Each structure stands twice: as C-alpha cells, then as structure tokens.
Amino acid sequence: MRLWRAASALLDVRLEPDRPLAEDAQRNVYIPPRGKLERTLRVGAVYNDEAIQIRYEFATEAPSWYHQYWVYEVEGRGSGGEWVRYGSGGPEPDEHGLYEDRISMLLDDGDVGLDRYGGFMTAHEGMRGLTGAAGADEVRAHPHLGETLGRSDVRKYIPQSREDGDGAADWAAVRDEAELEAMRERGEFLDLWQWRAHRSHPLGYADNGYVLEYRHSSAGRGMFTDNWDDEAEQPRWMYDPDEAGFRALDRERLFAGDYDQDDLYYLSEGHATDFDPDHPWEDGDVLPQRFLQEPDGSRGAIRADGGYEDGAWRVRLTRSLEAPDPTDSHALEPGEVYDVAFAVHEGVGQRWHRVSMPHTLALAGEAGDAPEADIVATYTEGDLDEAEVAWADIGLIYPGQMTWDWLIDRGRGGHPGAGHVLGGEDAIGDEHRLPQLQDYLLYEERRRIERSE
C-alpha cells in the first residue's frame with residue numbers, strides 16, 4: 001500500500017489531460033496522457049455445435065482503418081519523384097492517423113499460466129519497444145531468432161521457451177528446436193487472435209497466431225504481404241483503373257481521413273494490377289503499403305465481420321470449436337473454462353496499447369448450465385450472428401514497461417510481490433486493482449526512464 005501511495009503521489013501532478021506524461025521517441029518512451037490511460041472493452045460470446053463467436057465493442061472517437069502507405073513525392077526529390085512510406089506504429093500515435101486499430105485475445109487452455117500472470121508474462125527485457133530493446137544486429141546474429149527465423153527484433157514469448165524459464169527467461173536463451181517442437185505438440189503455447197482493422201478485416205478475417213519462443217503466425221498463407229519491390233525500389237501493385245476507377249489514392253484526402261469504410265482505402269486482389277512505372281505519377285499519389293490477399297490454412301481460420309458504427313468498433317470473430325491446427329491453436333469444448341487476456345491498439349503498434357488483467361471464458365452447456373467465468377459463451381442451435389450474448393466489461397490499462405524479469409526480481413528496486421509470482425500464486429487479480437496498478441506501472445516506467453539516463 002505504501003508503494004502505491006508513493007506512486008500515486010509522484011504521478012498525481014497537475015498535468016493537462018491530453019498531454020503525454022512522458023515522451024522520448026529515441027528511447028522508446030511515450031506515456032500517454034492521463035485522460036487516455038484507462039479504457040473499457042466489451043466482450044460477449046456465443047457458440048453452436050460447430051463454431052464459437054467472440055464479439056467486441058470498443059468505443060473510440062478516432063477510429064483508424066488505415067495502415068501505412070506509399071506517398072509519391074516530387075518536391076525536394078531531385079530530378080524525379082520518390083515513393084516515401086508514411087505511417088508509424090509508435091511510440092507516439094501517428095501524426096496522420098495512418099496506423100490501424102487492433103483488438104487481440106490471448107487464449108490459454110491451462111498449460112502455460114496466463115491465469116496467474118496475464119499478458120505480462122509475454123513481455124521481457126530486450127523486446128522491441130522497450131527502452132532496453134535488443135539491437136537488430138545482435139538479434140540477426142542469434143542462431144535461432146536471426147538465422148532460423150530471419151528476425152531482427154525480439155517479440156512476445158513465454159518464459160517456458162527459454163532455458164532459464166524458471167528465472168529471468170533471457171531473450172537469447174532459446175530452447176533448441178526439438179524442445180520447441182515438443183512444446184507445440186503438447187499445446188504449450190498461447191493462442192493469439194488478432195483482429196486488424198486494415199490488414200485483415202476488409203477481407204473478412206482476423207489473424208490467427210500463437211506465442212511460444214516468438215510471436216508467430218499460424219500455418220498457412222497470410223492475409224497481407226508488403227507492396228514493395230526491393231530490386232526495382234517501387235511498389236509491386238497499384239489500383240486497377242478498370243476495376244477501381246483510379247490508379248492511386250489522394251494524399252490530402254487520406255491525411256484528412258476522408259476515405260470511409262465503403263471506400264477502397266486498401267489494396268487487394270480484386271481491384272489491383274501490376275505497378276506501371278511508366279505512368280506519369282504525380283506528387284501526392286498514394287498506394288497502400290500492404291497488399292491484401294485471401295488467406296488459407298490455420299492462419300485464415302478466424303472469420304471477421306462488423307465495423308465501426310455509432311461511435312464504436314462492433315466486431316464479430318468466428319472460428320471452429322475444433323482447433324484448425326492443434327500445434328498452433330487451442331480447441332474449445334462445452335463445459336470447459338479457458339484463460340484469456342485482451343489488448344487494444346488505438347492507432348499505435350508494439351507495446352503502446354491497452355491491456356486487460358487475466359479473465360476466464362467458459363462455454364455453457366446446451367441446458368444453459370456453465371462453470372463460473374467472467375465471460376460465458378451461451379449455446380444456440382441457430383445462426384451465431386442472430387444470437388443474443390451476455391456482455392462483460394473488461395477494464396484496460398496502459399502496461400508501461402513491466403516485464404517478466406521485473407515481476408520475478410526479489411532484489412532492491414524489483415517487484416515487491418516477486419515471491420508470490422515465483423510461488424505460482426494466483427496473485428495478479430487478487431492483489432491488484434486497475435486504478436492502483438495503473439499508477440504503479442507508470443511509477444515503475446518513470447523509474448526505468450530515470451535509471452537509463
């Protein structure tokens with residue numbers, strides 16, 4: 001209690017509600033304005049004999065279904081124009097609003113520990129977006145992350161995927177591939193459902209993935225790829241004038257947010273053609289930086305519909321009860337209880353989102369009986385879209401830079417509850433309340449910033 005009071009006193013200063021509490025992009029620091037920290041996500045669920053549907057409602061005054069674009073610029077570019085990428089995922093919100101909103105759900109069938117630690121167990125020192133993020137060259141040189149996976153950054157992972165999983169779970173101490181494969185076969189991973197407002201929703205999908213030693217996509221073709229030709233240094237595709245009625249979007253209209261959900265603000269197979277380098281491109285012509293395509297396999301197993309309406313995202317995600325691939329997705333069964341945690345990105349990427357505490361999801365029986373849970377999926381024999389749901393209000397907070405390493409640190413300056421974490425107690429939901437936890441997370445992030453100066 002003394003720690004929370006100290007944190008509250010430190011942060012309870014007279015600040016403008018719309019002004020960031022801290023900002024330093026060079027060190028991955030951006031603490032959002034006090035008035036924009038705590039949010040609420042409404043979640044409901046329904047299922048039938050074949051599939052489950054998760055529903056979201058998230059109120060926001062500034063929705064974004066845009067996500068990174070190539071803008072043709074002539075002025076100041078020498079003898080010819082140049083395609084310049086716009087749209088940043090962080091730290092601060094993109095100045096032109098060119099980064100998509102996302103809603104994510106982590107799902108655990110009880111093997112990993114999401115119920116005890118929430119999504120905080122997937123955040124580790126060295127991860128991208130943190131002040132102490134590992135360098136790109138260091139990650140590229142890593143035998144697994146760099147040489148095998150071809151990555152240049154560290155993303156979410158569970159502690160069990162590291163050799164010292166009972167300790168700090170150092171990002172570089174990845175278990176060998178045989179051990180990781182055995183974990184996948186046993187279902188020791190977190191299922192990850194990501195609804196993306198630009199990169200998947202226009203085609204009617206959410207992105208299926210999982211978290212093990214890295215944040216992976218599930219098996220199969222993804223619903224987006226980069227619209228760029230490295231050799232030619234130009235986009236690969238443009239709008240097909242015969243199908244779309246134009247070759248490019250307009251910069252001023254895009255920056256004004258004037259392309260609505262019924263417009264072709266995205267580029268996909270149905271209205272695209274090969275890029276024409278001989279076309280007389282003009283200053284301000286715009287092409288999306290992502291090319292959308294029909295997915296397949298387990299990665300394309302989650303269907304999505306809905307959209308932004310009456311001040312909120314109102315989205316429905318539908319997937320089979322059976323795991324599309326048991327090595328990257330969890331099955332769901334009536335009468336069972338699952339651990340879930342949610343995150344919402346509002347026009348930002350990486351860690352600059354809002355996250356929930358761990359919650360439970362249960363599937364009620366056909367007679368309506370259900371185990372006790374925060375979110376109860378009711379049974380229907382009919383159309384999932386037509387069924388009523390019971391809504392749960394899920395509180396969200398800004399997570400700061402709290403990592404697994406800090407959670408289990410008993411040392412001076414570490415987590416006062418490290419003993420509870422190491423003891424495996426279900427302490428995160430019992431010991432913390434969101435307003436107090438929010439202040440404490442901000443307090444710890446400021447301390448981290450001060451130590452790095």
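Predicted model: local features only at pLDDT ≥ 70, side-chain atom pairs only at ≥ 80, totals over all residues.
1. How to read the values. Local features need pLDDT of at least 70 and side-chain atom pairs count only at pLDDT 80 or more, whereas totals for chains, interfaces and linings use all residues. Residues are numbered from 1 along each chain as its sequence is written, and side-chain values use heavy atoms, with hydrogens and water left out.

2. Helix H4 spans residues 177–185, and its buried residues are Leu-180, Met-183 and Arg-184. Buried means under 20% relative accessible area, exposed over 50% (1.4 Å probe, protein chains only); helices are DSSP runs of H or I, at least four residues, and strands are runs of E, at least two, numbered from the N terminus. Looking down the axis, the buried residues of H4 fall within an arc of 100 degrees (taken from the directions from the axis to the C-beta atoms), so they line one face of the helix. Ala-178 and Glu-185 are exposed on the face turned away from that buried side.

3. The ends of H4. At its start, a side-chain oxygen of Asp-176 comes to within 3.2 Å of the backbone nitrogen of Ala-178. After the helix comes Gly-187, with a positive phi near 80 degrees.

4. The three-stranded sheet. Strands S11, S17 and S14 form an open sheet with mixed pairing, in the order S11-S17-S14. Its edge strands, S11 (224–226) and S14 (267–268), each pair on one side only; two strands pair if DSSP finds at least two bridges between them.

5. Inside that sheet. S11 and S17 (residues 290–292) run antiparallel and are joined by three bridges. Phe-224 has Leu-292 in S17 as its bridge partner.

How values were computed
Polar contact = N/O pair within 3.5 Å; in protein donor to acceptor, adjacent residues only side chain to side chain.
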